[in-house]
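We'll go through it helix by helix.

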Amino acid sequence: AVCLGTFMLLLDVTIVNVALPDIQTSLHASFADLQWVVDAYALTLAALQLTAGALADTYGRKKLYAIGLVVFTSASLGCGLAPTTLTLQLFRGVQGVGGAIMFSVSLALLADAFRGKERGLAFSIWGAITGLAVALGPLLGGILTSGLSWRWIFLVNLPVGVVALVISLTRVMESKAPVARRPDWLGFALFTGSLASLVYALIESNERGFTDTRVLACYAAAVVLMAGFVAAERFGSKPMFDLSLFRLPTFSGGLVAAFGVSSTIFSMFLYLVLYLQDLLGFSPLQTGERVLVLSGAILVVSIVSGRLSSHVPVRLLIGPGLLLVGAGLFSMLGLHAGTSWTHLIPGFLIAGAGIGLVNPPLASTAVGVVEPQQAGMASGINSTFRQVGVATGIALLGSLFASRSTSVVRQQLASVPAVRGRSGEIAGALQSGKIGSVIGSLPASSRGVVAHVTQTAFTDGLDRILLVSGAIAVVCSVICFFSIRTKDFVQQGAH
């Protein structure tokens, strides 16, 4: 039941990426709109993880998991029928609510149902399933989008959700925490406000600039609200985030790994897909076939890593895995206007192998360093950091990409008299996927120049964020290698 639900959730993440350019065209979405289609889901997923975990500890993990399945599946129907970008973004947020409930209890359900070596095997199977979802997502997304419509990437969740719900209600045993935590509504409000303010500021800085008053106010609000959240968790009687867990270096290292892999390679999926479709002109299906190089590497290495995680110290998998992610991103550098997609293949293989090394042992690290009664909170915190990584990674990388590509367009078109006054419009069209129609409206004598400039701007922007995300992955790798320790695990025999 847990693997089927997780498969649906992760499939929905990777399947959406391939369809974003079609969503962009169909709903006339801007570059910021696309970021929110992804971040609306990641934001609610991150904000509700810990509160959902507390509710599950009180009312039962099976019950909450089933509720999460119903919410997620219903919201998928809403996404599939959405008439506008705003409607799609709102239903994506509701999907995140259902996903948060499911994610917050999935690992806790596994930890409660299995012990010793069986627990290690269960986590290994779960890790392989996550790899399979990531592998199939781009290809299935391409098939559905090219053959039917982007709407079917959401509608396909309906039968999967129904089957997962039936299995959960009939086969899963109920479990609760011996001492249930009450929901920390103050902490939830402060954390949600802080994260939403940060993501909004990062995305809005694309249009307004980093020094805009509203952007600066949102950054300030994010800092103040986060300080309030830390104080509430430190001095509150029933905190949703036990700050004392940070005293365990392995727990902190697991959070760094979760944030690192999500804020780098997973956040880069959006921009790599836009590159393959908007710039190189591949169809959704052709894009899915090419991304299969990366997801196939994830699947193969995840299976190997899942088996190794029971015999090898996890820091020797997670640390080197993140290093491979960074190396893969660095391998993709050097893009230019005439680059073929094959330039990305070595980076796809290396980064995919890195993700495959990290995912299975990270699952056991999330709950392996705490007592069973804290498993819900621990898994919720780890999953929260994954989604915080996606939300902030996409917003930050998108801001850097937009800033760089706009700067290149303005600089290089300044010497082209026929389009000098339209550089802002051309830069916006490049980011919104409408550059083809804009170029078609230009004087014939300047179309070739503008096409070359926009291709250069796009690849320059992509190069910039590949460099930044690769550096983040390497830093996270070093931190994880030195912070994750075998002796911190509660049941070392299973890890």
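First, the ground rules. This is a predicted model, where local features need pLDDT of at least 70 and side-chain atom pairs count only at pLDDT 80 or more, while totals for chains, interfaces and linings use all residues. Residues are numbered from 1 along each chain as its sequence is written, and side-chain values use heavy atoms, with hydrogens and water left out.

Let's begin with helix packing. Two packed helices are described by the angle between their axes and the distance between the axes. Here, axes are lines fitted to C-alpha atoms, for helices over the stretch in contact, and angles run from 0 to 180 degrees between N-to-C directions. The helices themselves are DSSP runs (H or I, at least four residues), numbered from the N terminus.

Start with helix α1 (residues 2–26) and helix α2 (residues 31–59), whose axes come within 10 Å and cross at roughly 165°. The pair is therefore roughly antiparallel (angles under 35 degrees count as roughly parallel, over 145 as roughly antiparallel, 65 to 115 as roughly perpendicular and the rest as oblique). On the α1 side, L9, V13, V16, L20 and Q24 make the contact, and on the α2 side L34, V37, V38 and Y41 (contact means heavy atoms within 4.5 Å). Sorted by class, the residues of this contact are eight nonpolar, one polar and no charged. In that scheme Ala, Val, Leu, Ile, Met, Phe, Trp, Tyr, Cys and Pro are nonpolar, Asp, Glu, Lys and Arg are charged, and the others, Gly among them, are polar.

Now try helix α3 (residues 61–81) against helix α7 (residues 157–171): they pack at an angle of about 165°, with axes 9 Å apart. α3 and α7 are therefore roughly antiparallel, and their crossing is left-handed. Residues in the contact include Y65, L69 and F72 of α3 and L158, G161 and L165 of α7. The tally for α3 with α7 is ten nonpolar, five polar and one charged.

Next come helix α10 and helix α11 (residues 284–308), with axes that come within 10 Å and cross at roughly 140°. That angle makes α10 oblique to α11, in a right-handed crossing. The α10 contributors are I265, F269, V273, L276 and Q277, meeting P284, T287, V291 and L294 of α11.

F269 also turns up among the aromatics: F266 and F269 form an edge-to-face pair, 5.7 Å centre to centre with 70° between the planes. (Rings of Phe, Tyr and Trp, the last by its six-membered ring, pair if their centres lie within 6.5 Å; planes under 30 degrees apart are stacked, over 60 edge-to-face and the rest tilted.) The two sit three residues apart in helix α10 (residues 249–279), so about one helical turn separates F266 and F269. F266 is buried at 17% relative accessible area, and F269 is buried at 8%; buried means under 20%, exposed over 50% and partly exposed in between, with a 1.4 Å probe and protein chains only. Elsewhere, Y271, Y275, F401 and F458 form one aromatic cluster.

Finally, look at M226 in helix α9 (residues 213–235). M226 is partly exposed, at 30% relative accessibility. Leaving aside neighbours within four places in sequence, M226 is in contact with F191 and S194.

How values were computed
A crossing is left-handed if the near helix is turned anticlockwise from the far one by less than a right angle, and right-handed if clockwise.
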